[in-house]
Amino acid sequence: MQKKLNRSYDSLEEMYEVTERFFLNEDVEPSIRFPVHFVMEELFTNMVKYHPDNSNDILLAINTTDGAVTVSMTDYDVDAFDVTVDRNINTDAPLEERTPGGLGIHLIHKMVDSLEYDYADRCSTITFTKGLNA
Amino acid sequence: MFQIDFGDNGEIICCGRLDAAQCEKAQAFMDEIADLQTLDFAELEYISSAGLGVLLKTQKRLVGSGGGLKIINVNNHIHDVFHYSGFHTIFDIEKPGG
């Protein structure tokens, strides 16, 4: 399944709905759907947040093969941002040392089974997998 | 869809999906509360890292004035998000049934 999404937080609901329909058709367990939705939304939100003036749609592709959900998100005419690099968030920090933001990439790393980043010709493609039996 | 409002017993009821598109609405509500508050997540299906930011900002403000947030009826998925974020060390969190 492929879907072009307008670069807006308002597209989050559409992304959730089309993906949820795909999961239901593919009989994907709820325990898998939550982390996949979560990672997709974090990636999409980052793409919107860091390139708000870009007029290109964001391409979402999702399929189930080899016992896993594979999701690919492609962003066109953007600067590089490698989401596979660990940002070393201290999740043991006390409340007074914490500031909002920065948790998204850390949580993505916790929830996926694999995460790949490709950047060429100002095009970013992020691909992640989540095992169907995780 | 995301809804936030006070329940019959003064607790704050959150319903639906707290994603990046809904954080402004959530933050506007949370900016008006004070003291010790209970958030009931029984009907909250989803929270993103942006939603965590709303909780963190509110907790820092409330704790700074002697209050704080207690979060109850947290589903397993959101509980995992809290655990991965280390939020279980800075919030009073309860799963359904205590």
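Leaving aside neighbours within four places in sequence, Thr19(A) is in contact (heavy atoms within 4.5 Å) with Met1(A), His37(A), Met40(A), Leu60(A) and Ile62(A). Thr19(A) lies in helix α1 (residues 11-26) of chain A. Helices (H or I, at least four residues) and strands (E, at least two) are DSSP runs, numbered from the N terminus. The relative accessible area of Thr19(A) is 0%, so this residue is buried. Buried means under 20% relative accessible area, exposed over 50%, and partly exposed in between (1.4 Å probe, protein chains only).

The model is predicted: local features need pLDDT of at least 70, side-chain atom pairs count only at pLDDT 80 or more, and totals for chains, interfaces and linings use all residues. Residues are numbered from 1 along each chain as its sequence is written, chains are lettered from A and ligands numbered from 1 in the order in which they are written, and side-chain values use heavy atoms, with hydrogens and water left out. The model scores ipTM 0.92 and pTM 0.94. Chain B has a mean pLDDT (the predictor's confidence in each residue, from 0 to 100) of 95, and 99% of its residues reach 70 or more.

Helix α2 of chain A covers residues 30-50. From first C-alpha to last, its 21 residues reach 30 Å, close to the 30 Å expected at 1.5 Å a residue. The expected span is 1.5 Å times one less than the number of residues. Of the 21 residues of α2(A), 17 are buried, so the helix is largely enclosed by the rest of the structure.

Over all chains, the count comes to seven salt bridges. A salt bridge is a side-chain nitrogen of Lys or Arg within 4 Å of a carboxyl oxygen of Asp or Glu. One of them pairs Asp75(A) with Arg7(A) (2.5 Å, N to O). Asp75(A) lies in strand β3 (residues 68-76) and Arg7(A) in the loop between β1 (2-5) and α1 of chain A, so the pair ties together parts 68 residues apart in sequence. Asp75(A) is buried at 2% relative accessibility, and Arg7(A) is buried at 10%.

Glu41(A) and Arg17(B) also meet in a salt bridge (2.2 Å, N to O). Glu41(A) lies in helix α2 of chain A and Arg17(B) in strand β2 (residues 12-18) of chain B, so this pair joins two chains. Glu41(A) counts as buried at 2%, as does Arg17(B) at 9%.
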